[in-house]
Amino acid sequence: MSSKGKSARVRAIAKKEIVEFSRDWRTILAIIVIPLLMFPLLFIIFPLLLESEAAELDAMELNAVIQSNSLPVNLAENLSMNGIDFVVEPLPEVEQLSIAGDDLERVRNNSIDGIVRIERVEDHWKYAILHLSTSERSNELRNRVLAVLNEWEVHEVETLIEEGGLEVNSTLNPLRWDGDIAQGDVATSGEQAGMVLSLFIPLVLAIWTYSSAIQPSIDMTAGERERGTLEALLCLPCTRMELLFGKWLAVAAITGVGVLLQICGLLFAIGYLASSSVIGLPQLSILSIGLIVISIMLFAVMVVAFELALAMRSHSVKEAGSILAPALMLILFPALFTQVINLDGIEGFWFAIPVVNVLLALRELLMNRIITEHVIIWFVSSMVYAGLAAYYASKQFNREDIVTSLS
Amino acid sequence: MVKTLLSLKGVSKKFGDIQALKPIDLDINSGEIVGLVGSNGAGKTTLLRLMAGVYNPTAGSVQLSNGQPVSSMRHELGVVPESTGLYSRLTAWENIRYHSRMHGVLDATSWARTEKFADHLDMKDHLGRHTKGFSRGMKQKTALLRALAHGPSILLLDEPTAGLDITSARTVRALVRQLRDEGGTVIYSTHHLSEAEQVCDRIVIIHNGELRADGSPSKLLESTTTHSLEDAYVSLTQDQARTRKEDEDRESTFSKWWRSLFTPRIPSSILGGEESE
């Protein structure tokens, strides 16, 4: 068989798989639309929703009871100005102000949003806020009261300092930063962007590469087997390796599009949320970009081959799904683990651990750090793992029982 | 002079402990229609898959006349498997074209052949339709067109008339005979003796994985001293047919045990016993 004929067959297999797969609208939704919209929805719509909820809370008039025998006038004014409608009662007889005592039911049954107790004791003040943490109104009251008390405390401190004949600023801030704090960071904005992106892009890439390959892998192997299309395919003049390679190409292409769209959605969301000075383009050398592409490709070879092999081992779509879905943990845990590994002075062996190696490589490369020793280790180990996964997949594709049911 | 196309020498097939096919010697000659007849689970499909190179024999060899393995002549094979094996999200023509491309045949060539046979099978108007909504008969015809589109010299047909109406089945049989007349070789699996009698030049009876008889219909009648093929078949296959349990046997012991754990026993009251209080 000529190599031209082989590549034509591989292309024909891949093309047919992609065409057939893309004709299912649910697939397009799962592979194209969801990844594209997931992060924009999460980062843009969700904050907008939170913002509107916060605005709703801000507009609320809250009802409180202030228990004090000597409520300072300026504090009372501040509470009123912050949307707190209150009545003043004398302090109850309690051992400590935070003990609810007879007031427990009033707060629990929501007849009021909270009780603020404040008492002057010689040279200082004591206070407590009784609130119901499961009530949003009560929580909001607590937050507003704390903010008002904080402001009032600052005012009290400054008054005391001035009364003592001291200068407020030099007393409270004897140590001051000189200049712009941001100027102290010598990392360029591109490096900072790389650092930020390195915290989630490898994670997204790993999880989405695996999860978006699940459906096509199953459909093209166990699905074919279940639908009875595999037997006709095995009677064709193509080797099983060509079949595997064609299917691998199709799954990798579908997964690649899904991952790319998800990253686009993620970058769009970040760009929308943050100012461009914070999330700029990472400053990457051509070599870094090339190595990023190689690492992703090796990872994709490994993951897709592994999934195709597991799916081909399965006798049905259901069985394949019940194996591939929990196997996501094999990617998820190393991916989460990798996020917390300190890259400064990291030992070389980390770059030889499956999954971890590629994710660490991506983190380093996104920060434009090219450490030759690390590159060699992750490249060689990734090649070995990708080769092993491909070998395992080829073993599964060469199994005779991939065509079952005798008659 | 008869030319042997395909030679099976001592071919047997085992799946684990199951002897799916006991050693078989069989020559397939050029220009004949060979009927593989047997009950479900007899080993017909296993034999077809061995001939198609989907399975490797456990013992023996499946060779071409020149001694080459069968895998080297896959481009000469046209196969219609029992399940038809059509992709439901592709049109009938796309299914056909996909297989033809895998055979290295140009689209124009396969289209010309498809058009010709589609006329015979009354399928021309359906070639642009997705096969998802096809009836069993239409799927069967599409699979047949797909097997013919690249111009094979050997056709392996596994129950090709299953699910077809009487007229379509007759058309398929006529087409098979026409292909034979044009010099093609057809291996035709069926469990209908009458069909084998109508179509085949030679009948191979398989029972419980064994080749029980091989010859023309008249030769079979002669060798069994019977007056009908049905009587001949019965006399050759008197022992009870094995059950189809190969798939079940491939299941792991743990899977079987787990399944049995959640399978309630049939209450004795249903089986005729007294229900215990």
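In which hand does H7(A) cross H12(A), left or right? Keep that in mind while you find the pair; this is a predicted model, so you're looking at computed positions.

**Stop 1: two helices.** Select residues 189-220 of chain A for helix H7, then residues 317-324 of chain A for helix H12. Their axes are 10 Å apart and pack at an angle of about 155°. An angle over 145 degrees counts as roughly antiparallel, and so H7(A) and H12(A) are roughly antiparallel to each other. As for the opening question, H7(A) passes H12(A) in a right-handed crossing.

**Stop 2: where they touch.** Show side chains for Ile214(A), Ser217(A) and Ile218(A) on H7(A).

**Stop 3: the domains.** Zoom out and colour chain A by its domain assignment: domain 1 is 8-47 + 189-399, and domain 2 is 58-170. The centres of these two domains of chain A, taken over C-alpha atoms, lie 55 Å from each other.

**Stop 4: the neighbour.** Bring in chain B. Here 23 residues of chain A are in contact with 33 residues of chain B. On the chain A side, select helix H1 (3-22) and helix H9 (229-234), the elements that give two or more residues. H1(A) gives the most, with 5 residues. By class, the chain A side divides into 9 nonpolar, 6 polar and 8 charged residues.

Definitions and conventions: Residues numbered from 1 in each chain as written. Chains lettered and ligands numbered in written order. Predicted model: local features only at pLDDT ≥ 70, side-chain atom pairs only at ≥ 80, totals over all residues. Domains from an automatic or database assignment. Contact = placed C-beta atoms within 7 Å. Helix = DSSP H or I, 4+ residues; strand = E, 2+ residues; numbered from the N terminus. Nonpolar A, V, L, I, M, F, W, Y, C, P; charged D, E, K, R; others polar. Axes fitted to C-alpha atoms, helices over the stretch in contact; angles between N-to-C directions. Parallel < 35°, antiparallel > 145°, perpendicular 65-115°, else oblique. Left-handed = near helix turned anticlockwise from the far one by under 90°.
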